[in-house]
Amino acid sequence: MAKAQRALVAMRLGRDDDALDEVAPSSTAEMRELVLLLFGECSTMVSALGDGGSAPVKVQVFDEAGEEVPIDEADPPVRTAVRTLLAEVHGNTEAAEEQVEIALSSAAPDEVNSLVLQALRWTIRLSAECLDRDLPVTDWVHEALAD
């Protein structure tokens, strides 16, 4: 949790490389735990934003030109991120774990970094939206993003 918090601070300051340095794992298990922690927090915030499931939250993927692309046509790290988040949101932690495990065992290092950065970005964006709406945000995330 402390690593994720330091990475969120670095991301908030616009230092992606420092964020990746903060989460550099000592093991694959540690990286899996960190990524699942971030997606778990994202899932909790999506549920809060979706009013506990009564108001749907739409997940979209856009290319560099701002055009929406189907999830299956997104870059592999983005596709993994979306599938992991959706599995968590729907309470299927096992499927989320499988998505992360596949990425960590078969993706190139830059793709893993992209997945981590995506999880950090979503955590920042979702927490900002929750705070704007006076919805709860986990203390460690809130502390990392406080000005």
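**Ground rules.** I am looking at a predicted model, with residues numbered from 1 along each chain as its sequence is written. Local features need pLDDT of at least 70, side-chain atom pairs count only at pLDDT 80 or more, totals for chains, interfaces and linings use all residues, and side-chain values use heavy atoms, without hydrogens and water.

**Pocket.** I looked up the largest pocket and found a volume of about 680 Å³. (A pocket is an open set of points on a 1 Å grid where a 1.4 Å probe fits, with protein on both sides within 12 Å along at least five of seven lines; lining residues have an atom within 4 Å of a point.) Its lining has 23 residues, with Gln60, Val61, Gln118, Trp122 and Arg125 nearest the centre. Helix 6 gives the most, five residues.

**Salt bridges.** I searched the whole structure and got seven (a Lys or Arg side-chain nitrogen within 4 Å of an Asp or Glu carboxyl oxygen). One joins Glu30 and Lys3, at 3.1 Å from N to O. Glu30 sits in helix 3 and Lys3 in helix 1, so this pair ties together parts 27 residues apart in sequence. (Helices are DSSP runs of H or I, at least four residues; strands are E, at least two.)

**Patch.** Asp63, Glu64, Glu67 and Asp75 form a negative surface patch (residues with over 30% relative accessible area, 1.4 Å probe, and no salt bridge, like charges joined within 9 Å). I place Asp75 in the loop between strand 2 and helix 4.

Notes
Patches are made of residues with over 30% relative accessible area and no salt bridge: like charges are joined within 9 Å, nonpolar side chains (Val, Leu, Ile, Met, Phe, Trp, Tyr) within 5 Å. Lys and Arg count as positive and Asp and Glu as negative; His and the chain ends are not counted. The place of a charge is taken as NZ of Lys, CZ of Arg, CG of Asp or CD of Glu. Grid points are joined across faces, edges and corners, and a volume is the space filled by probe spheres set on the points.
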